[in-house]
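Please keep the sequence and the 3D view at hand while going through the points.

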Amino acid sequence: MFELVKGMGTTLKYMFEEPVTIQYPEQKREVRERYKGRHELKRYDNGLEKCIGCSLCAAACPADAIFVEAAENTDDQRYSPGERYARVYEINYLRCIFCGYCEDACPTEAIVLEGHYELSYTSRREAIFTKDQLIVPSPEGKPDTPQKVVPGVFTRSVPEMKDSL
Amino acid sequence: MELKTLIEVGIAALIKSGLLIGVLLTSFAYMTLAERKVVAWMQVRIGPNRAGPFGFFQPVADGIKLFLKEELIPAEADRVLFILAPIITVIPALVILAVVPFGPAIDICLPATLTVPFEWGACYKVPLAVSDVNVGILFITSVASVAVYGIVLAGWSSNNKYALLGGMRSSAQMVSYEISMGLAMVGPVLVAGSMSLQAITLSQEKLWNVVTQPIGAMVFLLAVLAEVNRAPFDMPEAEQELTAGYHTEYSGMKFALFFMAEYIKMVAVSAIATALFFGGYLGPFLNDVPSWLAGILGVIYFSAKTIFFLFCMLWIRATLPRLRYDQLMRFGWKVMLPLALASIVITAVFMAIAG
């Protein structure tokens, strides 16, 4: 019987504690370090794209959400340091299940799941994100792709996996 | 009775009942908001705060939503009873408060220009109850019992066997706790020597009834929680999770009427509890100030005590889990009824000794 009164005392005590509510959208909670949100296509430090158009991510995707069409790089118009680049890269967010298998499959760490979670669209066409919506901008001071490079520098078909070349 | 007195009393009653209904409906609306916010704060979160500052317009939003919902009547249901059931449940809730005095009688003097053409008396002593019948307690118990009909009819006319079961269980619960409630109400009647609530309030001038009859007060407060189907006795409300419940087939305005009935009954029984056991509108300074100020002070004291009881009802709801149906019935018949009888016997013995 007395436990009832103790319980009521606990509830009353909680009434005066600060609430834990976060008032979204005015206040937002930080995402965790490995949070799986919307994808981003990364670049190297010199401005070239990391994606070499191998479509391993499309092969790994269990929901068949990624579409990749590759094209050859030339030294006049170089997009990525390898042999090919992704000319068309689309992710259909109506199919994507945010599992991160594409991130695990990528040989150059190009496709990465970042922390952006506010993804609402109003039509099915809007749900298909194209390459220009997914690629990150060039780092400060570096030229945007396509770049004109000195021939003979980028000869490997799959570049080394590091951030700066 | 003279026509003049009849008209005077009639106009006063009309104005008072209009005010009472207005206050009750507003308090019902803000009771729903208060419940959500108080229960939320007790659960370390904030209640609704988007529909206006501190959620002030949330009841308005809820009301608009319920108005605009589709009104469904099930195919094989008994149409007349289906529509009548919420009405039968709501009207007793509104009417119970007609006999409760909210404050001491105030002197109202009409301005001379108004009364001279009619040659009627200019000053009236207006009691602050809509109509203080001298069998007030009997009125309260009988009107409260009519509400049980509404629930049974709702369960029956829905043509749904689970709604029928829910209605039967709810009415059995209400009937068993009405007995303890009525017996607990006999204590203050013994002390005051009259069933009129005004007399009971005035008989507590020296000492509140809760001090002389603590068991009776506890029995009354718990029985009244079960009477309004409120936690932890809210089997009928919660049965939406388990089987059905008597208001399954209701939608829109009829459902709003059932909810209105419940919250208004909460307010009404809190008011009756303060009038019976906690001194009603009595408080300090009532006799030392002019009568209009005494009226306002009395209403403030009454409201403060009623609001305290409403807060306690919300507090209990936030804390205690629901009682199972057999636990509920066992509690009502084997614990509350003997305690209520014991309280009457003890009070009667004291009254006989003390005289």
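In what order do the elements of chain A run from the N terminus on?

1. The model discussed here is predicted. In chain A the order, from the N terminus on, is α-β-α-β-β-α-β-β-α. The secondary structure of this chain amounts to 4 helices and 5 strands. Its radius of gyration is 23 Å, whereas the globule rule gives 15 Å for 165 residues; the value is well over the rule, so chain A is more spread out than a compact globule.

2. Taken along the principal axes, its C-alpha atoms fill a box of roughly 85 × 35 × 25 Å. Of its 165 residues, 20% count as buried. Among the contacts in chain A with a separation of 6 or more, 76% are made by residues 24 or more positions apart.

3. Chain B contains 13 helices and 2 strands. Why may chain B be called as compact as a globular protein of its length? Its radius of gyration, 22 Å, is close to the 20 Å that the globule rule gives for 355 residues, and chain B is therefore described in that way.

4. The C-alpha trace of chain B spans about 60 × 55 × 45 Å along its principal axes. Buried residues make up 42% of the 355 residues of chain B. Where contacts in chain B join residues at least 6 apart in sequence, 80% of them link residues at least 24 apart.

5. Is H9(B) mostly covered or mostly uncovered? It is mostly covered, with 11 of its 14 residues buried. Among them are B:Val219, B:Phe220, B:Leu221 and B:Leu222, and B:Glu227 is also one of the buried residues. The cover over these buried residues includes helices H5, H6, H8, H11, H12 and H13 of chain B. Just after H9(B), B:Asn229 takes a positive phi of about 55°.

6. Finally, the two chains touch. In this contact, 10 residues of chain B meet 11 residues of chain A. On the side of chain B that touches chain A, the elements giving two or more residues are helix H1 (3-42) and H12. The largest share, 3 residues, comes from H12(B). The residues on this side of chain B divide into 7 nonpolar, 2 polar and 1 charged.

Key
Residues numbered from 1 in each chain as written. Chains lettered and ligands numbered in written order. Predicted model: local features only at pLDDT ≥ 70, side-chain atom pairs only at ≥ 80, totals over all residues. Buried ≥ 20, exposed ≤ 12 C-beta atoms within 10 Å, placed from the backbone. Contact = placed C-beta atoms within 7 Å. Rg over C-alpha atoms; globule rule 2.2 N^0.38 Å. Nonpolar A, V, L, I, M, F, W, Y, C, P; charged D, E, K, R; others polar.
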